[in-house]
Amino acid sequence: MTFSELVRHRRSCRKFTDAPIPPETLRTILDDALTAPSSKNVRSTRFMVVGDPETLERISEMRDFGSSFVRGAKQAVVVLGDTQATDLWRENCAISATLLQLSAEAQGLGSCWVHVHGRPRLHDVPEGEQAEEYLARLLEVPEPLGILCVVALGYPAEPPRPHRERDDSDKIVYK
Ligand SMILES: Cc1cc2nc3c(=O)[nH]c(=O)nc-3n(C[C@H](O)[C@H](O)[C@H](O)COP(=O)(O)O)c2cc1C
């Protein structure tokens, strides 16, 4: 598969089979993601890998909207950043998470980004407890790490739907 085919084939996957992810496959994905570029090469991104079904269930409860499917994932990778290393820790995390999703795709896995940073646990109570606070407590995330997102992983239960054909030329400007 060419790189172009790979990125076009990737879709967010929220339904997974029971098949376990071999540890060496998981390690390849994590190592690939850790090659991500980072501001001033600070390499501020960290990963916390969760496979315990009970903890996945607790993670799925971090928000009342958009995270429930995590309970069906085989693994969840919590994408963390060293907030003291750089003010661009979120950008660095986002690039790492994207590489992680693409590497997962190359390994035949499905994945989905579940957002954490800046999201309340309850959609209608934006000033209430934050998903990041909940997860940091649940997973005993040490200071000074911040959490950008969780990437849910597993073998897809159904084939991905192809991207809709669309003309994106209005999103590109040549000067
Ligand atoms: C920054 C970001 C936040 C996202 N947050 C969530 C989320 O909390 N829950 C979810 O189910 N999907 C989430 N997604 C996945 C998007 O919904 C998905 O990428 C988008 O609908 C495009 O679909 P595709 O990934 O299949 O191309 C997120 C994606 C990104 C990049």
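In this predicted model, Ser-103 touches Thr-28, Ile-29 and Asp-32, leaving aside residues up to four places away in sequence. Ser-103 itself belongs to helix H4, which covers residues 89-106. With a relative accessibility of 6%, Ser-103 falls under the 20% cut-off and therefore counts as buried.

Four strands form an open sheet in the order E1-E2-E4-E3, and their pairing is antiparallel. Strand E1 (45-50) and strand E3 (110-115) are the edge strands, each pairing on one side only. On average, neighbouring strands of the sheet are turned by 25 degrees against each other, with direction ignored. As a general point, strands of a sheet pair through backbone hydrogen bonds, in either a parallel or an antiparallel way. For E1 and strand E2 (residues 75-82), the antiparallel pairing extends over six bridges.

Another helix contact involves H3 and H5. The axes of helix H3 (residues 53-60) and helix H5 (residues 131-138) come within 10 Å, crossing at roughly 160 degrees. Angles over 145 degrees count as roughly antiparallel, and H3 and H5 are therefore roughly antiparallel to each other. The handedness of the H3 and H5 crossing is right-handed. On the H3 side, the residues that meet H5 are Thr-55, Arg-58 and Ile-59, and on the H5 side their counterparts are Tyr-134, Leu-135 and Leu-138. Sorted by class, this contact of H3 with H5 contains four nonpolar residues, one polar residue and one charged residue.

Finally, the loop between E3 and H5 holds Gln-130. The relative accessibility of Gln-130 is 19%, so this residue counts as buried, the cut-off being under 20%. Setting aside residues up to four places away in sequence, Gln-130 touches Gly-118, Arg-119, Pro-120 and Arg-121. Two buried residues have thus been described, Ser-103 in helix H4 and Gln-130 in a loop.

Notes. Residues numbered from 1 in each chain as written. Predicted model: local features only at pLDDT ≥ 70, side-chain atom pairs only at ≥ 80, totals over all residues. Heavy atoms only, no water. Axes fitted to C-alpha atoms, helices over the stretch in contact; angles between N-to-C directions. Parallel < 35°, antiparallel > 145°, perpendicular 65-115°, else oblique. Left-handed = near helix turned anticlockwise from the far one by under 90°. Contact = heavy atoms within 4.5 Å. Nonpolar A, V, L, I, M, F, W, Y, C, P; charged D, E, K, R; others polar. Pairing = 2+ DSSP bridges. Buried < 20%, exposed > 50% of the residue type's maximum accessible area, 1.4 Å probe, protein only.
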